[in-house]
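Work through these exercises with the sequence and the model side by side. Try each task before you read its solution.

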Amino acid sequence: MKHLTLSGLAAIALALVSGPLAAQEGDTTDLEISGKVEWTFGDTALSYVTSSSVYDTMRVGSGSVTPVNPDDTGPDAKKLLTVMATESIEGGGLFSIGIEYTADPAKDGVVGRVDYTPDPMATALWVNGAAGVAPVTVTLDSFAFDGATGKVSGSFAGDLCKAADWDTPPDPKDCTAIKGSFVTDLYAGL
């Protein structure tokens, strides 16, 4: 499979609304674990989960495929594959990977943003794309998505650098190595 890299800090929306975070705004039922991310942040081994729930009448999840531009429905429309994982099904630390693609993320995907925050209520986080720092690479082992559901597995490695908040560029002098693997069910994003 092709190694995907970040070519600068791309302005890709994480599509947070496609996961359980958005589902909390309406009636949700049947919250369940739908995958896992096993990874290291520096020397710390972490095990995170992806999740899904029924929102109104459809299952949505933190592993999702969403149109980058919902108005673009053509065959070359860009899509965003998001894998968002938390410490537990109840929440906690947040880790996410976003890959923009057109036909197949393993062939034409571009890693847009990889980020991690041990406390989503705090402002500090670690993100990829710091100037002069090697980008995070993602290798997809498998990907299947039929427009409604699917599954993805892969691995990643690189450096995340500390940023004071979501709008501040990462500091290339304060970076931590990450590596890991993921497998998760996928759902159509909202």
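**Exercise 1: a cysteine and its partner**

At 30% relative accessibility, cysteine 175 counts as partly exposed. This is a predicted model.

Task: Which residue does cysteine 175 join through a disulfide, and where do the two lie?

Solution. 
1. Recall the bond. A disulfide is a covalent bond between the sulfur atoms of two cysteines.
2. Find the partner. The disulfide runs from cysteine 175 to cysteine 161, with S to S at 2.0 Å. The cut-off is within 2.5 Å.
3. Count. The search of the whole structure gives 1 disulfide.
4. Cysteine 161 sits in strand S11 (residues 149-163) and cysteine 175 in strand S12 (residues 175-188), so the pair ties together parts 14 residues apart in sequence.
5. Cysteine 161 has 1% relative accessibility, so it counts as buried.
6. Get the handedness. The torsion about the S-S bond is about 95 degrees, so the disulfide is right-handed.

**Exercise 2: a ring pair**

Task: How are the rings of tyrosine 116 and tryptophan 126 arranged: stacked, edge-to-face or tilted?

Solution. 
1. Start with the total. The whole structure holds 11 aromatic pairs.
2. Read the geometry. Tyrosine 116 and tryptophan 126 are 6.1 Å apart centre to centre, with 35 degrees between the planes.
3. Classify. Stacked needs under 30 degrees and edge-to-face over 60, so this pair is tilted.
4. Tyrosine 116 belongs to strand S8 (residues 110-117) and tryptophan 126 to strand S9 (residues 125-127), so the pair ties together parts 10 residues apart in sequence.
5. Tyrosine 116 and tryptophan 126 are both buried.
6. Widen the view. Ring pairs link a cluster that includes Trp39, Phe41, Tyr116 and Trp126.

Notes:
Residues are numbered from 1 along each chain as its sequence is written. This is a predicted model: local features need pLDDT of at least 70, side-chain atom pairs count only at pLDDT 80 or more; totals for chains, interfaces and linings use all residues. Side-chain values use heavy atoms; hydrogens and water are left out. Helices (H or I, at least four residues) and strands (E, at least two) are DSSP runs, numbered from the N terminus. Buried means under 20% relative accessible area, exposed over 50%, partly exposed in between (1.4 Å probe, protein chains only). Rings of Phe, Tyr and Trp (its six-membered ring) pair if their centres lie within 6.5 Å; planes under 30 degrees apart count as stacked, over 60 as edge-to-face and the rest as tilted.
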